[in-house]
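Please have the sequence and the coordinates open while I talk.

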Amino acid sequence: MNPLAQDAEAAKSVLKTMWMIRRFEEAVEDLYGRGMMHGTMHLSIGQEAVPTGACLALNKDDYITSTHRGHGHCIAKGADIERMMAELLAKESGYCRGRGGSMHIADTTTGNLGANGIVAGGVPIATGAALSAHMRGTKQVAVCFHGDGAMGEGAWHEGVVLAAMWQLPVVFLCENNHYGMSMASEKAFNLEKLSDRAKGYGIPGVTVDGNDVQAVRDAVQEAVDRARSGGGPTFIEALTYRWRGHSKSDKNLYRTREEIEEWRTHDPIPAFEARVLQAGTLTETDLEEIRNQVRDELRSAVQRANAAPDATADGLLEAVYAS
Amino acid sequence: MVDEVVEGTETKVMTYAEAIRDALRVAIAEDDRVFMMGEDVGIYGGAFGVTGELINEVGTERLRDTTISELGIVGAGVGAAITGMRPIVELQFSDFSAQAMDQIANQAAKIHFMLGGAVNVPLVIRAPGGSGTGAAAQHSQSLETWFVHIPGLKVVMPATPDDAKGLLLAALDDPNPVVVLEHKLLYKTSGDVRVGDARTPLGVAAIRREGKDLTIVATGVMVSRAMEAAEQLAAAGVDATVIDPRTLKPLDSKTILASVTATGRVLLVQEAAGTLGFMSEVAAIIAESETFAHLRAPVRRLSGLDIPIPYAPKLERAAVPQVEDIVAAATALVTEW
């Protein structure tokens, strides 16, 4: 498949997305630390290559289901960062009008069916979206992002069983960041690779380096092509690592500083930048320009979001049911 | 006004199960987005025969047999509903909703609100509840309170064949998740059912009988027991109104309050265990309203015992209100106050 690092436009787009996810979450962390953000947050810093690579294989009208650690999925599928930030800042202009927060952002205009506060909650929902695409004959594909922790929940099993039985156009994409909160995935699952589980469901399974955006894109592209042509579901395990704690309360008691430092040397963003430079596709100046552009766009989005009116309690009772 | 099939409307005698099947047939024919999935709904015809031979008419695409995966099929229903379909999920027994509760309570019910109104979840979940078949504790519960308590769900309990059809069609029109709680003992009961695509609107109670001495509010299979009790009471000179709320959420409290205001006495009858049951809410609504000032007797609830449903026929019968219990409770309300 076409090497992303050798195509200037593709390389720019990849870098822009990965940097935007990184900077967005750093901004969230900063706002939270300064007491300007409410609630909790789950950061995916270090995991940016997975949503970025995966969404490159998707059309705008393809579906994704996302997770509590979902900012990256949202951004990679094309969501508006100002509306995302506004949601996190509890503004009326946020994606959910302040009713959902970080864990419930969806953007149906870009096919994002929503983040989810239940770790495997999106699995049967993705199966249902794929069933819907199949029944409507649209050729749309659903990608279900989930973490390693989700593979301990019954919803994962049931969602995959149905998708396999009906050979639906869905890709189950596990972001194995090695921990379900504090539970190490290698301790939790008696498997060498989580993709070994796919065989038990009668679907293809593959494990890729989740910090290699090219590897993720290629694996997802193959799975999406299979799904779109009627070949049924695929399971992909993307190995990556969560640099930050699970959420704000995490003291990292379950892992070592050395382990975190070791994984930081496998940062997906500089790794891809190095490849682009090596290929001579872009210059260091181009890379600097992309970083600056992302920084400026984000800064302006945060400012606009922060200046917007707070979410209002008016009409909350009427918001429960659609009419 | 006593709710009856309007004179001149074309009707056909059907069982409750046939009426549901007729609704499925009508809905699948009139709307490409409608399909149903569930366990053994295809060639088997449904555990209670609701789908019967419908598979031969509508095919396996629109009537989908699933694995035994309640959480998965409700979740798949949610996914299909938010992407343009109008799915119906049949849970073989309402007790199995415990398996599916995350998708019902955390997903289907909340998505519209949580996402700021950006997405609707037009999902219908059908499930039979109730005791009386000797199926014991894990296949006999009346769990309507679970669903009524979750903001975002609508809940209906059809008590007649015509409502079984009409409420299901109305549920399919609704842009929200609707839980349709059918009753196992009603599947084989018969009645006049409007032919075609007639709906029973959600949120409108039916006054099954009008009387001046007391109001009996009953749900599910208790509606027919209340009607039978009312006949016996009438023979003894006690004239009861019987109200079937039909939709528990949103509840037509106006109809209930108006009747209780007029009669001054109310007996609330449910099969479900009493503690914090649906009728506790009805009692609270009455207590908090102006109707309270018109009460001539305390509000009285008649509920299932706070026990799991037992197996032995005599024990099972003793667990939930019977006709004689309703007669006795109504008589006491009228004679002692």
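**Backbone, cores and domains**

Let me begin with A:Lys139, which is exposed, its relative accessible area being 57%, where exposed means over 50%, buried means under 20%, and partly exposed lies in between, with a 1.4 Å probe and protein chains only. Before I go further, please keep in mind that this is a predicted model, in which local features need pLDDT of at least 70 and side-chain atom pairs count only at pLDDT 80 or more, while totals for chains, interfaces and linings use all residues. Residues are numbered from 1 along each chain as its sequence is written, chains are lettered from A and ligands numbered from 1 in the order in which they are written, and side-chain values use heavy atoms, with hydrogens and water left out.

Returning to A:Lys139, its phi is near 70 degrees, a positive value in a residue other than glycine, and its place is the loop between helix H5 (122-136) and strand E2 (142-147) of chain A; helices (H or I, at least four residues) and strands (E, at least two) are DSSP runs, numbered from the N terminus. In chain B, B:Asp40 is likewise not a glycine and has a positive phi, of about 60 degrees; this residue sits in the loop between strand E2 (34-38) and helix H2 (54-62) of chain B, and at 33% relative accessibility B:Asp40 counts as partly exposed. A further backbone feature of chain B is the cis peptide bond that joins B:Lys249 and B:Pro250, with omega about 0 degrees, and B:Pro250 belongs to the loop between strand E12 (247-249) and helix H9 (253-263) of chain B.

Now to the interior of chain A. A:Val28, in helix H1 (residues 8-33) of chain A, counts as buried at 0% relative accessibility. Leaving aside residues up to four places away in sequence, A:Val28 touches A:Met37, A:Met41, A:Leu43, A:Met85 and A:Leu88, contact meaning heavy atoms within 4.5 Å. Helix H2 (residues 49-56) of chain A has 7 of its 8 residues buried, so it is largely enclosed by the rest of the structure.

Which residues touch the most other members of the largest nonpolar core? In this core of 85 residues they are A:Phe172, A:Phe235, B:Ile104, B:Leu123, B:Phe147 and B:Ile286, a nonpolar core being a set of buried Ala, Val, Leu, Ile, Met, Phe, Trp, Tyr and Cys residues joined through side-chain atoms within 4.5 Å. Its largest share, 8 residues, is supplied by helix H6 (residues 154-166) of chain A.

Finally, chain B is assigned domain 1 (11-194) and domain 2 (206-336), with bounds that come from an automatic or database domain assignment. The centres of these two domains, taken over C-alpha atoms, are separated by 26 Å, and 27 residues of domain 1 of chain B are in contact with 24 residues of domain 2 of chain B.
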